[in-house]
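Keep the viewer open and try each task before you look at its solution.

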Amino acid sequence: MDPIQATLLVAAGVATGAFNAVAGGGSLIAFSALIAAGIPPLTAKLTSTVAVFPGNVASVAGGYRDLPPRGDVRRVLPAAVLGGVAGSVLLLVTPNRVFDAIVPFLVLAASAVLGLQDRLDGLVRRSVLRHGREHPAALQVSVALGGVYGGYIGAGFGIVLVAGLALLQHEPLTRTIALKNLLSAVISFTAVVLYVLFGNVNWAGVAILAPATVVGGYVGARLLRRLPGGPLRAVVVAFGVLFGLFLLGRNVL
């Protein structure tokens, strides 16, 4: 990896951590930067997941006091693990040429999820204020599907998880977000283990990205929260759409 590519990844890592701390969706930046650095799309996906994982753990550590009772956590953990394993295995058995063909659509799908975050946030807040019965079976299915999405696509899956959790159970929003962070870390951990054991991870990319995401996350949490998250997220969405269309055009041509 030449100095220009390494510098690109450092900048992308800082941006990834900062955007994740403020508006979410930063992993899309890391994934795109790895592809721009010449790393094949499937390897880039595995590498970005491994590199961003420490930030997921840090989110859990920061919000562990807000977690629901242990019984509630244990109830959904198996579904998260099962979904994460299923999505990760599905990704690992996807041939490189097939993943190269579908990656533009994955980037566009992740961008759409990020673009709809405000609408999903509105549903979440209305659900938190609503009184009614929980839906345990639907909750398990929702968490499992979120795990599949996280293991296979990754970008924006925290948004998918928090929306499903808040719509199907009745907890304060702080508890919902803390549980989402824990489930995200669990799903990411299962993916990382499988990717490391059976996938092709670019460890030079991980070595550059991982510490940069930590720095970016710290800077984002301290400084960028003064800026509105909506416009920042719009930048990531616009970037993702343009990059997805670029990849789609490259495949067609």
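Helix axes are lines fitted to C-alpha atoms over the stretch in contact, and the angle between two axes runs from 0 to 180 degrees between N-to-C directions. Keep in mind that this is a predicted model.

**Exercise 1. At what angle do helix 4 and helix 7 pack, and which residues make the contact?**

Step 1. Find helix 4 (70-93) and helix 7 (residues 136-152).

Step 2. Compare their axes: the angle is about 35°, and the axes lie 6 Å apart. The crossing of helix 4 past helix 7 is right-handed.

Step 3. Look at the contact. Helix 4 contributes residues including Val 76, Ala 79, Ala 80, Gly 83, Gly 84 and Gly 87. From helix 7 come, among them, Leu 139, Val 143, Gly 147 and Gly 151.

Step 4. Sort the contact residues by type: 11 are nonpolar, 7 polar and 1 charged.

**Exercise 2. Which residues does Val 143 touch, leaving out those up to four places away in sequence?**

Step 1. List its partners beyond four places in sequence: Val 76, Ala 79, Ala 80, Leu 161, Leu 165 and Leu 183.

Step 2. Now place Val 143 in the largest nonpolar core, which has 52 residues. Along with Leu 91, Phe 99, Val 107 and Leu 183, Val 143 touches the most other members. Helix 9 (residues 173-198) gives the most to this core, with 9 residues.

**Exercise 3. Is Thr 190 buried or exposed?**

Step 1. Locate Thr 190 in helix 9.

Step 2. Apply the cut-off: buried means under 20% relative accessible area. Thr 190 has 11%, so this residue is buried.

Step 3. Check its surroundings: beyond four places in sequence, Thr 190 touches Val 81, Gly 84 and Val 85.

**Exercise 4. How many residues of helix 2 are buried?**

Step 1. Select residues 27-36, which form helix 2.

Step 2. Count the buried ones: 9 of its 10 residues, so the helix is mostly covered. Among them are Leu 28, Ile 29, Phe 31 and Leu 34.

**Exercise 5. Where is Pro 69 found, and what is its relative accessible area?**

Step 1. Go to the loop between helix 3 (41-63) and helix 4, where Pro 69 is found.

Step 2. Read its relative accessible area: at 42%, Pro 69 is partly exposed.

Step 3. Compare sequence with space: Pro 69 and Arg 175 are 106 residues apart in sequence, while their C-alpha atoms are 9.6 Å apart.

Note on methods. Residues numbered from 1 in each chain as written. Predicted model: local features only at pLDDT ≥ 70, side-chain atom pairs only at ≥ 80, totals over all residues. Heavy atoms only, no water. Helix = DSSP H or I, 4+ residues; strand = E, 2+ residues; numbered from the N terminus. Buried < 20%, exposed > 50% of the residue type's maximum accessible area, 1.4 Å probe, protein only. Core = buried A, V, L, I, M, F, W, Y, C linked by side-chain atoms within 4.5 Å. Contact = heavy atoms within 4.5 Å. Left-handed = near helix turned anticlockwise from the far one by under 90°. Nonpolar A, V, L, I, M, F, W, Y, C, P; charged D, E, K, R; others polar.
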